[in-house]
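User: I am new to reading protein models and would like to go through one slowly. Could we take it as a series of questions and answers?

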Amino acid sequence: MKKKLLALLLAGSMVFGLAACGGGDNPSEKPSEVPSDAPTQNVEEGKNIKVGLICIGDENDQGYTYNFIRGKETATEALAAKGINVEWVTKYNILENSTCEDANLELAEEGCELIINNSFGFEEHMLKVAPDYPEIQFISCTNQASWGDELPNTHNAFANIYEGRYLAGVVAGMKMQEMIDNGDITAEEAVIGYVGAYSFAEVISGFTAYYLGAKSVCPSATMKVQFVGSWSNATEEASAAAALADMGCVIISQHSDNTTPATTAQSKGVFHTGYNNDMIGVAPEASLIGTRIDWAPYFEYVIEAVVNGEEFDQDWCHGMDQGAVVMTELNEAIAAPGTAEKLAEVEAALADGSLQVFDTKTFTIEGKELTSAFALDTDGDFTPDSEEAVFDGAFHESYFQSAPYFALQIDGIEWLNSAF
């Protein structure tokens with residue numbers, strides 16, 4: 001089992017939470033369906049399992065929850081090919097309150113052997129139900145309390161999405177450098193605007209990785225971040241993107257659930273990179289690329305383990321190494337020349353470990369190189385720690401736990417509003 005980080009890092013992300021989500025306002029339930037083209041062989045002699053999935057949104061968000069649905073359907077097909085038949089019972093638009101506890105309870109009573117919760121705010125409610133059903137496995141995605149508790153039937157899972165963020169940043173950086181080389185902007189005008197949901201560790205980790213990717217190919221790049229205080233507020237996300245464009249940002253990116261930053265970027269004549277979904281369809285003249293978590297490998301892994309009566313990781317985290325982080329299609333019609341080749345080069349370096357996203361030689365905090373996992377103290381010195389995330393020349397994100405814990409503000413990134 002991975003070691004825990006000391007209280008300061010954990011407290012920051014446990015108090016504020018991690019990104020999980022878009023959401024509807026009214027709880028509802030509608031059973032999911034196995035895709036019509038899913039394999040049906042071995043139905044009678046195969047193994048059967050009922051799996052519950054609790055979602056904060058629904059497929060209409062075309063982002064966070066939609067991404068889980070895609071993972072569910074892909075895993076269902078892969079498992080069917082192995083003779084494992086999955087019956088899903090999916091609850092959509094569940095709120096982060098007692099309705100989530102009720103949803104977990106209902107799924108347990110319906111005979112689900114595995115129950116997956118897809119939002120950070122669901123975990124505390126899930127944990128009220130799990131002790132009463134020790135024979136059922138409970139998973140809280142994007143969370144961190146279950147893997148370290150005393151309950152063997154509770155689990156956490158996340159993915160190294162910062163890898164995809166870094167790659168998206170490389171695409172953005174190459175576009176800005178092309179604009180500089182063509183005389184469209186000056187080096188000082190290579191400014192990225194980032195729409196962030198909350199100032200939680202996951203969001204900070206993501207936009208820092210994105211900025212470092214951009215800066216690796218466009219050294220003059222800087223970034224402005226606007227927090228909107230919501231995972232899914234289409235209007236606020238559009239307003240933030242518009243404000244950033246009006247400030248002179250030539251690239252807009254996001255850690256939020258809607259496509260409005262993409263459409264707003266296009267309306268403002270600037271470029272965009274997305275999250276959770278391919279946004280080229282809604283902004284073909286602006287959206288360069290996106291990145292997303294593919295939940296299918298994890299779903300396949302845990303469902304197969306439960307069916308076979310095997311134990312599985314209490315805290316799971318992988319990235320491009322297992323296909324858990326993927327890039328959406330590159331919009332070559334507007335991407336800088338050579339971008340596809342550069343992406344392949346950087347992805348290979350991430351895979352073989354020769355490139356570390358949070359290499360401490362590539363950024364500073366208040367002019368100083370990072371030597372500790374913790375923020376500067378009042379004297380301007382880094383506070384050391386006995387379980388240090390900074391070693392071998394890099395900050396090792398998601399090394400001690402799957403949930404991100406990089407929460408430092410590095411030079412070159414300006415936070416435009418107060419933290420949420």
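This is a predicted model: local features need pLDDT of at least 70, side-chain atom pairs count only at pLDDT 80 or more; totals for chains, interfaces and linings use all residues.

Analyst: Residues are numbered from 1 along each chain as its sequence is written, and side-chain values use heavy atoms, with hydrogens and water left out.

User: How many residues of strand β6 are buried?

Analyst: Strands (E, at least two residues) and helices (H or I, at least four) are DSSP runs, numbered from the N terminus, and β6 covers residues 154-159. Buried means under 20% relative accessible area, exposed over 50% and partly exposed in between, with a 1.4 Å probe and protein chains only. Thr154, Asn156 and Phe158 point one way from β6, while His155, Ala157 and Ala159 point the other way, and all are buried.

User: Which residue of β12 stands opposite Phe158?

Analyst: Two strands pair if DSSP finds at least two bridges between them. Strand β5 (residues 137-141) pairs with β6 in the parallel sense over four bridges, and there Ile139 has His155 as its bridge partner. β6 also pairs in the parallel sense with strand β12 (residues 315-318), over four bridges. In that pairing, the residue of β12 opposite Phe158 is Cys317.

User: Which are the edge strands of the open sheet of seven strands?

Analyst: The strands of this open sheet follow the order β13-β11-β10-β9-β7-β8-β16, and their pairing is mixed. An edge strand here pairs on one side only, and the two that do so are β13 (325-327) and β16 (413-415).

User: What angle does helix α5 make with the direction of β11?

Analyst: Within the sheet, β7 (residues 191-196) and β9 (residues 251-255) pair in the parallel sense over five bridges, and Gly193 stands opposite Ile252 in β9. Helix α5 (residues 161-181) packs on the sheet and touches β7, β9, β10 (271-275), β11 (287-293) and β13, where contact means heavy atoms within 4.5 Å. Axes are lines fitted to C-alpha atoms, for helices over the stretch in contact, and angles run from 0 to 180 degrees between N-to-C directions. On this scale, the angle between α5 and β11 is about 170 degrees.

User: Why are α5 and α6 called oblique to each other?

Analyst: Angles under 35 degrees count as roughly parallel, over 145 as roughly antiparallel, 65 to 115 as roughly perpendicular and the rest as oblique. Helix α6 (residues 201-217) and α5 pack with their axes 6 Å apart, at an angle of about 40 degrees. The two helices are therefore oblique.

User: How many charged residues has the contact of α5 with α6?

Analyst: Residues of α5 including Tyr162, Arg165 and Met174 meet residues of α6, among them Ser205, Tyr210 and Val217. Ala, Val, Leu, Ile, Met, Phe, Trp, Tyr, Cys and Pro count as nonpolar, Asp, Glu, Lys and Arg as charged, and the others, Gly among them, as polar. Alongside twelve nonpolar and seven polar residues, the number of charged ones is one.

User: How is α5 oriented relative to α10, roughly parallel or roughly antiparallel?

Analyst: Helix α10 (residues 339-352) packs against α5 with the axes 10 Å apart, at an angle of about 150 degrees. That makes the orientation of α5 to α10 roughly antiparallel.

User: How many nonpolar residues has the contact of α5 with α10?

Analyst: The contact is made by residues including Glu163, Leu167 and Val171 of α5, and Lys342, Val346 and Leu350 of α10. By class it has one polar and three charged residues, and the number of nonpolar ones is eight.

User: Is Thr142 buried or exposed?

Analyst: Most residues other than glycine have a negative phi, and most peptide bonds are trans. Thr142 has a phi near 60 degrees, a positive value in a residue other than glycine, and lies in the loop between β5 and β6. Its relative accessible area is 2%, so Thr142 is buried.

User: What is the relative accessibility of Ser398?

Analyst: Ser398 lies in the loop between β15 (394-395) and β16, and its phi is near 55 degrees, a positive value in a residue other than glycine. Ser398 counts as buried because its relative accessibility is 7%.
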